[in-house]
Amino acid sequence: MRGFDNDVFSFSIGGFFQGHSSFEISKDGEAYSFRHSQSHLLEQGENQGILDKTQVDALMAFLRDLGTDDWFTYYDSPVLDGEQWSLFDGHGSHGGSNAYPKGFEKLLKYLADEFGCEEMRPETGETYDGPTETEGLAMLAFYNLPSAEGVGQGLEDGKADGDHKKWLQAIRDAKRDFLHDVYAFAEAYPEYKCYGDILAQHGLELDIEQIVNQDVSKADAKLVVASMIAIARSDRWCERVDFGRCVENGTFALWTKRLRELL
């Protein structure tokens, strides 16, 4: 869920059996308003009102301290039905199905304490530890990234139909979200920030061409992810665009395939 132009914050959580609830903050000029909705089977309710800027500023400060910027784009667990949630924190969107980031209960408690969303309040003592390293690797491994063949076919198809712009936007979205989640992985598992050391242990230097052109068919998971992080960091500090190219040309599709083989 991505916010609309006037959205400041939005959060929703629920499932088929437990019902659904949401809390949204919008801005119109200098005024802030909220909408709190609840639904369960045939019962529905909604509450709307005005918020003070200090309340909104406090929420934004809370989200920064909680570190929602470093949450993965999407958390998933192979469980049917269950509970789904989505968050727009003013900067980016996050969501999940039966899986949650570390500290998720703090967000639920804050919304219950500060904005009266009592149905969201976690059980006493309930905590969320976030994904294990293996689960984090799976989030990267099962990304829907374009293969080299898929990109070539997409470019060819784009010459003949009107969906080319949508396809190009999907590629841009994949680059943005995958880059975000590579950084999120590094924040969640800090040992991967020593990507230079990991590369050196596998006989690779911090040379982007060497990293991009390596054969990952026998690489371990640490090398694959460290290579992704190295390319992302090089783009950031050296004003390169290799990360995007690796998404577009199918390189990362091959690398995530290798991660899937290792899981």
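User: Which residue stands opposite Gln84 in β7?

Analyst: Ser97 does. Bear in mind that this is a predicted model.

User: What makes β6 and β7 a strand pair?

Analyst: Pairing needs at least two bridges. Five bridges join β6 to β7, residues 93-97, so they pair. The two run antiparallel. They form a hairpin with four residues between them, and Gly90 in the turn has a positive phi of about 95°.

User: How do you know that β1 and β6 pair?

Analyst: The rule is again at least two bridges. β1, residues 7-15, and β6 have five bridges, so they qualify. The sense is antiparallel. Gly14 has Gln84 as its bridge partner in β6.

User: How many residues of β6 are buried?

Analyst: Four of the five in β6, residues 84-88, are buried. The strand is mostly covered.

User: Why is the pair of Trp71 and Phe104 called tilted?

Analyst: Trp71 and Phe104 sit 6.3 Å centre to centre with 45° between the planes, so they are a tilted pair. Trp71 lies in the loop between α1 and β5, and Phe104 in helix α2, 33 residues apart. Trp71 and Phe104 are both buried.

User: What makes Tyr100 and Phe104 an aromatic pair?

Analyst: Their centres are 5.0 Å apart, against a limit of 6.5 Å, so they pair. Ring pairs link Tyr100, Phe104 and others, including Trp71 and Trp85, into a cluster.

Notes. Residues are numbered from 1 along each chain as its sequence is written. This is a predicted model: local features need pLDDT of at least 70, side-chain atom pairs count only at pLDDT 80 or more; totals for chains, interfaces and linings use all residues. Side-chain values use heavy atoms; hydrogens and water are left out. Buried means under 20% relative accessible area, exposed over 50%, partly exposed in between (1.4 Å probe, protein chains only). Rings of Phe, Tyr and Trp (its six-membered ring) pair if their centres lie within 6.5 Å; planes under 30 degrees apart count as stacked, over 60 as edge-to-face and the rest as tilted.
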